[in-house]
Amino acid sequence: MRHLFGTDGIRGVANEPPMTPELALKLGRAVTYVAGRGKRHVPRIVVGKDTRLSGYMIETALASGICSMGGRVILCGPVPTPAVAHLAVSMRADAGIVISASHNPYDDNGIKVFGGDGFKLADEAEAEIEALLEEGALPVRKTGKAIGRAEKLEDARGRYVAFAKATFPRDLSLDGVKVVIDAAHGAAYRVAPLVFQELGANVNAIGVRPNGTNINRDAGAMHPDNARAEVRKREAAIGIALDGDADRVVMIDETGAVVDGDAVMAMCALRMLQDGELRKKTLVATVMSNLGLERALHAHGASLVRTPVGDRYVVEAMRGGGYNLGGEQSGHMVFLDHAPTGDGIIGALQVLALMMRTGRPLSELARESMERVPQVLENVTLSARRPLEAMTSLTRVSKDVEAALGDSGRVLIRWSGTEPKLRIMIEGPDEARIRAWAQELAEAARSDIPVTA
């Protein structure tokens, strides 16, 4: 069992347990030991971060831990999470570490680990690393000439820009296409505008002035209204709103309307299906993806495989089943033919390629790709976590709602993997009715776990 690692690494308030420099140092030691085990060379670890103030503190501690085990640290500075995955492979490193809390506010931070193949570690590997954090579980530290060293990779951003650009078809051009990019004052604040500019686009960039405390604040994928307004103002063809570490993206069409991950997956999957490029005629998405996505695929003879929430589980299912397209409603887009993890910039490039090939605006592509089933999400903050099966009132109400919906909708209740919240999702043909049911379920949950619990 893992206790520190959640669905997307270790995460918490920076400088409070568990997200302390002491833990980062131990984690650096443990990752280096695991990455270098059985190898004759000095283990090499690529380390990147986003723009949070606490990134300096955690980066230094991680590097110290890696060096204390004789590892070589390759510091990339602020770069997107998928850039670290790519650099771990291209630099032939033994592991990659990202310091980021993704879409969380600046006072949080997190650590996620990639293998040398660019994929996030499996649950079992994370559990092993956790076990090694116990006092005395690791071999003695290195001394003398065996102590490791750290160096900065000066062209880390440039390497990623070149990699991302190479995923855009060479026979297409973005010359003159108006693009709005909101980098959320995060890790992609430099690379995202460059990628699209160097492909010829006329780029208007916002959210590109990080100060250490403004990452994700009223910007990016979590707050796309600024990007929406900018798209309308500039009469742009598309808006691209990234989150703090740029592993996910929210698209905005030429009218200023948000196009979520489900619609993006639908349009890309159907085009790939048409071109014979969708492996096994199957898309992988999580249990949160809209029922309309599943119906759209079935209507064209394709299938949807669902996984638990978290892009790591999407990628695991893709690799295990031999599929090449997957993602999340929240905006993680995984094009496994191009990258081993979710990449907001590459996802946006694939949508732009589809727009260029068809000559059609994003609003039309999104509208015709799928018909959304009304969906209501309710987040309930409770004073404690309990197994869902032990929440009797919630279970009773949930069974009643499922019986009333029948085959016309779905009910999904789960604990968040990154926040102390219960997430309630209902889909069905009548939005007013499912909204009322969501409130009933929320009240049932509160009665199961009262504030005084």
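The largest pocket of this predicted model has a volume of about 1400 Å³, a pocket being an open set of points on a 1 Å grid over the protein atoms alone, where a 1.4 Å probe fits, with protein on both sides within 12 Å along at least five of seven lines. Its lining comprises 46 residues, each with an atom within 4 Å of a point, and H103, M222, R248, S330 and R423 are the closest to the centre. By class, 13 lining residues are nonpolar, 19 polar and 14 charged. Strand β16 gives the largest share, 4 residues.

Residues are numbered from 1 along each chain as its sequence is written. Local features need pLDDT of at least 70, side-chain atom pairs count only at pLDDT 80 or more, totals for chains, interfaces and linings use all residues, and side-chain values use heavy atoms, with hydrogens and water left out.

Turning to the helices, the axes of α8 (residues 261–274) and α12 (residues 362–369) come within 8 Å and cross at roughly 85°, which makes α8 roughly perpendicular to α12 (65 to 115 degrees). Here A263, A266, M267 and L270 of α8 meet L362, L365, A366 and S369 of α12, with contact meaning heavy atoms within 4.5 Å. This contact has 7 nonpolar, 1 polar and no charged residues.

In helix α6 (residues 191–198), V191, A192, P193, V195 and F196 are buried, that is, under 20% relative accessible area with a 1.4 Å probe, protein chains only. These buried residues pack against α5, β7, β8, β9 and α11. Just after α6, G200 takes a positive phi of about 105°.

Methods: Buried < 20%, exposed > 50% of the residue type's maximum accessible area, 1.4 Å probe, protein only. Helix = DSSP H or I, 4+ residues; strand = E, 2+ residues; numbered from the N terminus. Axes fitted to C-alpha atoms, helices over the stretch in contact; angles between N-to-C directions. Parallel < 35°, antiparallel > 145°, perpendicular 65-115°, else oblique. Nonpolar A, V, L, I, M, F, W, Y, C, P; charged D, E, K, R; others polar. Points joined across faces, edges and corners; volume = space filled by probe spheres on them.
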